[in-house]
Amino acid sequence: MVEWLVSPFLEYGFMQRALFGSVVLSVSCAPVGVFLMLRRMSLTGDAMSHAILPGAALGFLLFGLEILPMTIGGLVVGLLVALGSGLVSRFTVQKEDASMAAFYLISLAVGVLLVSWRGSSVDLMHVLFGSVLALNNEALGVILGIAVATFIALGLFWRALVAECLDPLFLRSVSRIGGPAHFLFLVLVVLNLVGGFQALGTLLSVGLMMLPAAASRFWSNDVRALCLIAIAIAVASSLSGLLLSYHASMPSGPAIIMVAGVAYMFSALFGRRGVLASALPSRRHKAA
Amino acid sequence: MNDTCLEFRNLTLGYDGHAAVHHLNGAVERGSLTAVLGANGSGKSTLMKGIAGILKPLGGGCVSSARRLAYLPQLSELDRSFPARVVDLVSLGFWQQRGLFGRVTRDDKGRLSGCLDAVGLSGFEARPLDSLSGGQMQRALFARTMLQDADLILLDEPFNAVDDETMRDLLAVVAQWAGEGRTVFCVLHDHALARAHFPQALLMARKQVAWGRTEEVMTSDNLSRARSFQEAWDDTAGWCEEPRGLQRHLHGDGAGPDASVRKAAAHG
């Protein structure tokens, strides 16, 4: 059993890199996902993961499978979409969900056009689904850098992010930090999605962000605890998904996300605040 | 010594170009306790948003000499499902003093406990927000407002949906603020409450009907005038010409038309 768990990572360098990359990604993505969920923006991650497609595709088409051009391309386009939708929602009557939908759909269409114009379906599959087993040192460096930047930014702006989620009107009455904090947060979302697409692809990178975060909500009612639980679920999913992928010859990205999905279903059913706990009548209650 | 805490200079606020507060002039005395009265849709909450800087004026302006402002809105955007405890919500009141990066000190924690005690929420520190009743939530929001240590406090219908005991406790807090020389501007619907606890009153009907000592403002004639205003927007209304010139004056150094504007102040 121990050998089943350990030997793939001891024997193969690509498995070690995959483990390192996905664990660092898990630690970085999960807290961002928790804030997306608490801000009722869970689907924004999905929209943004589509939005970065043209940038990543352009980098891929111009420079091939090079991490830096794809990362920079994805980052630039993701930030443009975040900025555009943010500006429209701040200065017009339109809410951010609608403006985000509009901008990401435009971006997605451009991305698919780019790939179909210059690439092949194999290229598209790579951009969409990535490969955690093909992570090189450069990609690991980018992921590590993004994780460090995410932790510094979350640490510095933690109070503003919590205040903006909890009582945005109050924050507006005492500070102008709400707008910049919101945009910085969107930058973190884009950064982490871009960090994830090399390993998991643009479509699945949001899975490591949202599934552990959504699962954590069934276990705790404290923001810090939610982040820690989400990180634990993401790391466990990465580890289990890689082992599953290795032993059952499954594609690695979907295997990781499937395990995270199982963790979500389990939490939704059996979590302290899950379906069963809510549905089953409690036999005891406190007197006061 | 300047005893004006807040001054309205031909202030016009509204939505989509329609005025909800029209050409308001006047000054609020430092340390005064003012009830803002009027029917639904008379512009009271809009005025509060304008003072708090959340709504930009359509014309004129509002000048405050307050060192710090606290605003308790009528319809809070507070997310009660957010996984936070009472202490997390109340300690937001330190924001203006500690900023984004400042740490909450031991003294601050003592002040926080004192404020929770003052609103009757001792022992509620660790309670999740989603377990609070409406009255308990309002007490917590008052505790947060106390912590803000503001010299201008805006309260928008703070006693809605609270029981008599809660209202008594919260009114004691308001009286304490007045005793400390803080200026309180409070939207109310309860006329008896305004008469009993607020020496000053501003009666509105999308514009100022009367402003001054409460007993002089709340005459049957004034109240009747305040009730007979047009609540709905008039889509056929023409453009108001008056604010343009004045707004031009008020821009720039902001001092040009002061004398005339202050003379126009109709309160008191």
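User: In this predicted model, is Val2(A) buried or exposed?
Analyst: Val2(A) belongs to helix 1 of chain A, which covers residues 2–11. The cut-off for exposed is over 50% relative accessible area. Because Val2(A) has a relative accessible area of 61%, the residue is exposed.

User: What is the accessible area of the nonpolar surface patch that includes Val2(A)?
Analyst: The patch is nonpolar and lies on the surface.

User: Which helices do the buried residues of helix 1 of chain A pack against?
Analyst: Helix 1 of chain A has buried residues as well, namely Ser7(A), Pro8(A) and Phe9(A). The packing partners of the buried residues are in chain A: helix 2 (13–38) and helix 11 (223–248).

User: Is Asp167(A) buried or exposed?
Analyst: Asp167(A) sits in the loop between helix 8 (137–166) and helix 9 (168–174) of chain A. Buried means under 20% relative accessible area. The value for Asp167(A) is 2%, so this residue is buried.

User: Which residues is Asp167(A) in contact with, leaving aside its neighbours within four places in sequence?
Analyst: With those neighbours set aside, the contacts of Asp167(A) are with residues of chain B. They are Ser76(B), Glu77(B), Leu78(B) and Arg144(B).

User: Why is strand 3 of chain B largely enclosed by the rest of the structure?
Analyst: One side of the strand carries Leu33(B), Ala35(B) and Leu37(B), and the other carries Thr34(B) and Val36(B). Both faces are covered. Strand 3, residues 33–37, is largely enclosed because 5 of its 5 residues are buried.

User: Which residue is the bridge partner of Leu37(B) in strand 8 of chain B?
Analyst: Strand 8 of chain B, residues 200–204, runs parallel to strand 3 and is joined to it by 4 bridges. In strand 8, Leu37(B) has as its bridge partner Leu203(B).

User: Over which residues of chain B is the pLDDT below 50?
Analyst: Chain B has a mean pLDDT of 84, with 88% of its residues at 70 or more. One stretch has pLDDT below 50, although the model gives it 29 contacts beyond near neighbours in sequence. Where pLDDT is low, predicted coordinates should not be read in detail. The stretch in chain B is residues 245–268.

Terms used: Residues are numbered from 1 along each chain as its sequence is written. Chains are lettered from A and ligands numbered from 1 in the order in which they are written. This is a predicted model: local features need pLDDT of at least 70, side-chain atom pairs count only at pLDDT 80 or more; totals for chains, interfaces and linings use all residues. Side-chain values use heavy atoms; hydrogens and water are left out. Helices (H or I, at least four residues) and strands (E, at least two) are DSSP runs, numbered from the N terminus. Buried means under 20% relative accessible area, exposed over 50%, partly exposed in between (1.4 Å probe, protein chains only). Contact means heavy atoms within 4.5 Å. pLDDT is the predictor's confidence in each residue, from 0 to 100. Two strands pair if DSSP finds at least two bridges between them. Patches are made of residues with over 30% relative accessible area and no salt bridge: like charges are joined within 9 Å, nonpolar side chains (Val, Leu, Ile, Met, Phe, Trp, Tyr) within 5 Å. Accessible areas come from the Shrake-Rupley method with a 1.4 Å probe; for residues, only the protein chains shown count as cover. A salt bridge is a side-chain nitrogen of Lys or Arg within 4 Å of a carboxyl oxygen of Asp or Glu.
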